[in-house]
Amino acid sequence: MSKLIICDHPLIQHKTTLIRDKRTSTKDFRELVDEVATLMAYEITRELRLEAIEVETPVAKTQSNIIAGRMLGLIPILRAGLGMVEGIVKLIPGAKIGHVGLFRDPETLQPVEYYTKLPTDVQERELIVIDPMLATGGSAIAAIDVLKKRDCTRIKLMCLIAAPEGVKAVQEAHPDVDIYLAALDEKLDDHGYIIPGLGDAGDRLFGTK
């Protein structure tokens, strides 16, 4: 079974509380999501492999570590996932970015892929699928399916807030994908919204309804 990691650093928890507040403006909401994404990136990259190289400081030559092999690939789920990308890129500017677009079929209520654009070397990268909300898990599962169909094997999922139902669904569908959260909430309501949640992340990021 995949690991579930709650990023409980005090700064992440503080900023997540501000993100939840319905009084937070679009501008502040966007900035806070960006900041939390940066902080979460420290945790999600903790296990990146290192290799030693020789460098020369102003004083002496020494062995020091750098990240080994290729860097990361960031895969935001359109559209709300876009709000977290820049926060991660600030920390890892060498990351390549792909996009997966999904919409919910009004009859089946299942996610339907409408757009996918990935780096040409996506199979060689460690990928982070990004979506602020993990509610039913349908979109996350579908996005991971898209990547696995393209022979990607090293995948993690990064969300701000999740419901237990969504976590369970992803773990059952993709037991090899670790999940990183800022908060695990109580439940889903009858309309599929996370309780207490933060509302619709896409609308709050982009000022739409």
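Which backbone nitrogen lies 3.0 Å from a polar atom of the side chain of Asp 200? The nitrogen belongs to Gly 202; a polar contact here is a pair of N or O atoms within 3.5 Å, where within protein one must be able to donate a hydrogen and the other to accept it, and residues adjacent in sequence count only if both atoms are side-chain atoms.

Please keep in mind that this is a predicted model, where local features need pLDDT of at least 70 and side-chain atom pairs pLDDT 80 or more, while totals for chains, interfaces and linings use all residues. Residues are numbered from 1 along each chain as its sequence is written, and side-chain values use heavy atoms, leaving out hydrogens and water.

1. An unreviewed UniProt entry annotates Ile 194, Gly 199, Asp 200 and Ala 201 as "binding site"; such annotations may be inferred rather than shown by experiment.

2. Gly 199 sits in the loop between strand S13 (194-195) and helix H6 (201-206), and Asp 200 is in the loop between S13 and H6 (DSSP runs, at least four residues for helices and at least two for strands, numbered from the N terminus). Gly 199 is partly exposed at 37% relative accessible area, and Asp 200 is partly exposed at 33% (buried is under 20%, exposed over 50%, partly exposed in between, with a 1.4 Å probe and protein chains only).

3. The count of aromatic pairs is 1 (rings of Phe, Tyr and Trp, the last by its six-membered ring, with centres within 6.5 Å; planes under 30 degrees apart are stacked, over 60 edge-to-face, the rest tilted). Phe 103 and Tyr 114 form a tilted pair, 6.3 Å centre to centre with 40° between the planes. Phe 103 is in strand S6 (residues 99-104) and Tyr 114 in strand S7 (residues 111-117), so the pair ties together parts 11 residues apart in sequence.
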